[in-house]
Amino acid sequence: MRAMSDQEFCRAVLDQIPRATAAEREDICRELMEHLEDHREALMEGGLDEAAAQARSVEAMGDAGEIGRQWNARLSPLWLWVGRVCRAAAILLLAALLIRPGSILSCAVDSLQARWCDDPVESAIHPDAVWIREVDLRVQLHDQVIRVHRVALVEDDWIDMQAGRQGTYQLYVQALSYARNPFRPALSIWGMRCNGEDGKQVGASPSPYNLRGADARTMAFPLEAGISTAVITFAPYGRTAATLSLPISWEEVSHAS
Amino acid sequence: MRQKQAMEHTSLVVLHLLSREDMYGYQMIAALEKQCEGAFTMKEGTLYPILRGLENSGAVTAYRQVSPAGRERKYYHLTEKGRKQLAEETRQWRAYEGAINAVLNMG
């Protein structure tokens, strides 16, 4: 039977010492290896070759498992359990940070995704869209940024009973808001108007975000035919804070009709 | 002999070795072999759990130091508590030894 190497012997001892902390394990292994080294050298000085000396020195140590069990019995389980409890608590805390909706880390993930992804919102805009434009228009409102990432001209009848107007097309605007500091929550997008008109939020808007790091909205604005520019304003407190101008193309509408 | 469980023989021997000078593990083994001329043998690895037990009880302390051979080793030092323990256990052993001898010398 092949003799155990010094490392194998140490491992066999340590396998029986579950109570040892990492530092204790290192200390035990080091002491055993030093003992084996000293005995091996003494045997080699006595005339044995290295292989024989190594085998004899390991054999002289005795049963590795029994040594480990005796050693383990003399260690306190206190620090072993303290270490286990601390590790478990750290794992639970990390899981809570990562998994909990609205957590600071999920907030940062949403915020970064909102600012960097080409198509941060995967929901389809509308099946009756005449055209859809992927855009990346950003305005800054204090510590928040509003990013308009998609606009579409949609054939969607509207009527304004009060003003006595009606039309066939609406401008759909998909926008995101995020805080400049990714660890801060996003404010809801509100106060958005187009050519002075209020819009309405469309769709169930199942925001893919955790409602903390980013806010996603699809707003529909009535659009009178032939208007060449849509001026979108953001006035969260009743005062216009930012403006975006979008050229409106009616060519596709003409071709379609 | 008092109704108290006597220390393991090996522990008693180890404490006595350390009463002369601080030693590291293999040094103790080598000293035992030389002193006892083979009459007292033990599996060398079992020395270390014993040393750990003595450390736990406060009879010895350990520290690292460079040996005369130039290598760092873990030395063990007999504490004052260990000296008292050694004295008491030696006394008990001598009493035990005397009692055995008395029986063996009976006619």
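Helices are DSSP runs of at least four residues, numbered from the N terminus. By that count, Ile104(A) has its place in helix H6 of chain A. The model is a predicted one.

Ile104(A) belongs to a nonpolar surface patch of about 430 Å².

**Where chain A meets chain B**

Now turn to the contact between the chains. Chain A brings 21 residues to the contact, and chain B brings 21 residues. Together they bury an area of about 2,000 Å². Carbon and sulfur atoms give 46% of that area. Three residues stand out: Glu31(A), His35(A) and Arg74(A) supply 31% of the area that chain A buries against chain B.

The links between the two chains can be counted.

| Item between chain A and chain B | Count |
|---|---|
| Salt bridges | ten salt bridges |
| Polar contacts (both residues at pLDDT 80 or more) | 14 residue pairs |

Which helices of chain A each supply at least two residues of the side that touches chain B? They are helix H2 (22–45), helix H3 (50–61) and helix H4 (64–73). H2(A) gives the most, with twelve residues. By type, the residues on this side of chain A divide into ten charged, seven nonpolar and four polar.

**One salt bridge in detail**

Over all chains, the count comes to 25 salt bridges. One of the salt bridges pairs Arg30(A) with Glu72(B). Their closest N and O atoms are 2.5 Å apart. A salt bridge needs such atoms within 4 Å, so this pair qualifies. Why does the pair join two chains? Arg30(A) lies in helix H2 of chain A, whereas Glu72(B) lies in strand E3 (residues 72–78) of chain B, so the bridge runs from one chain to the other.

Definitions and conventions: Residues numbered from 1 in each chain as written. Chains lettered and ligands numbered in written order. Predicted model: local features only at pLDDT ≥ 70, side-chain atom pairs only at ≥ 80, totals over all residues. Heavy atoms only, no water. Contact = heavy atoms within 4.5 Å. Buried area = accessible area lost by both parts, 1.4 Å probe. Salt bridge = Lys/Arg side-chain N within 4 Å of Asp/Glu carboxyl O. Polar contact = N/O pair within 3.5 Å; in protein donor to acceptor, adjacent residues only side chain to side chain. Nonpolar A, V, L, I, M, F, W, Y, C, P; charged D, E, K, R; others polar. Patch = residues over 30% accessible without salt bridge, like charges linked within 9 Å, V, L, I, M, F, W, Y side chains within 5 Å. Areas by Shrake-Rupley, 256 points an atom, 1.4 Å probe, with all protein chains shown as cover.
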